[in-house]
Amino acid sequence: MKNSTTAAIYESLVPHYQAILKNMGEDPQREGLVDTPIRAAKAMEFLTQGYRQDLHTLVNGAVFTSDTDELVIVKDIEFYSMCEHHLLPFIGKCHIGYLPKGKVLGLSKFARITDMFSRRLQIQELLTKQIAEAVQEVTGAAGVAVIVEARHLCMMMRGVEKQNSMMRTSVMLGQLRENPTARQEFFKLLD
């Protein structure tokens, strides 16, 4: 059962989806569309649940003491987000590297952090920065690097309609920005 916040989101969104259907020239009471407004509201609530999540609650204490100080990389974390300009999906992978400084983060938390920020209306550049800063905040790492690669349906389905384009963004913090050797190791280990 969903909580009252979720129910309120559904309730507030349904009339808007009904109006959108009607304004497009559709009959919201047509058999195939009768339940579409509630389904669309539920989908939008799910796709934007990152707004209702908190980083420290999400990490849930899964930061552990460790004497590891070598580069740690988590590759190919898939994500799905929504372009804030057209409300169309962009889909891709996130690669995260960090240099621990006394603390390591539980493996699943990298995916959860990626999901928390990708499940918002986004631009890829900000998504990349938010993930990097969140990993830095919870680990206190000596350096963090994040690369995000994505295909944007706003570019594929409309506008220029380019099917094979991919956007790649990166953010480097601390030693992974300042130390060319550490940065080079990160890029080499991604291959």
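**Close-up 1. Glutamate 26 and arginine 30 form a salt bridge.** Their closest N and O atoms are 3.1 Å apart. A salt bridge here is a side-chain nitrogen of Lys or Arg within 4 Å of a carboxyl oxygen of Asp or Glu. Glutamate 26 is partly exposed, at 30% relative accessible area. Arginine 30 is also partly exposed, at 39%. The cut-offs are these: buried is under 20% relative accessible area, exposed is over 50%, and partly exposed lies in between (1.4 Å probe, protein chains only). The model is predicted: local features need pLDDT of at least 70, side-chain atom pairs count only at pLDDT 80 or more, and totals for chains, interfaces and linings use all residues. Residues are numbered from 1 along each chain as its sequence is written, and side-chain values use heavy atoms, leaving out hydrogens and water.

**Close-up 2. Arginine 52 meets glutamate 45 in a salt bridge.** The N to O distance is 3.3 Å. Arginine 52 is partly exposed, with 36% relative accessibility. Glutamate 45 is buried, with a relative accessible area of 8%.

**Close-up 3. A salt bridge links lysine 129 to glutamate 133.** The closest N and O atoms are 3.9 Å apart. Both residues lie in helix H5 (residues 124-139). They sit 4 residues apart, about one turn of the helix. Helices (H or I, at least four residues) and strands (E, at least two) are DSSP runs, numbered from the N terminus. Lysine 129 is partly exposed at 41% relative accessibility, and glutamate 133 is partly exposed at 39%. Elsewhere, salt bridges that share partners join Asp76, Lys93, Glu149 and Arg168 into one network. The structure holds 6 salt bridges.

**Close-up 4. Strand S2 (residues 72-83) pairs with S3 in the antiparallel sense.** The two strands share 9 bridges. Strands count as paired if DSSP finds at least two bridges between them. Phenylalanine 79 has glycine 92 in S3 as its bridge partner. The hairpin of S2 and S3 has 5 residues between the strands. In this hairpin, leucine 87 takes a positive phi near 60°.

**Close-up 5. Strand S3 also runs antiparallel to strand S6 (residues 143-152).** Here 10 bridges join the strands. Tyrosine 98 stands opposite valine 144 in S6. Why is S3 described as largely enclosed by the rest of the structure? Because 8 of the 11 residues of S3 (residues 89-99) are buried. In a regular strand, side chains alternate between the two faces of the sheet.
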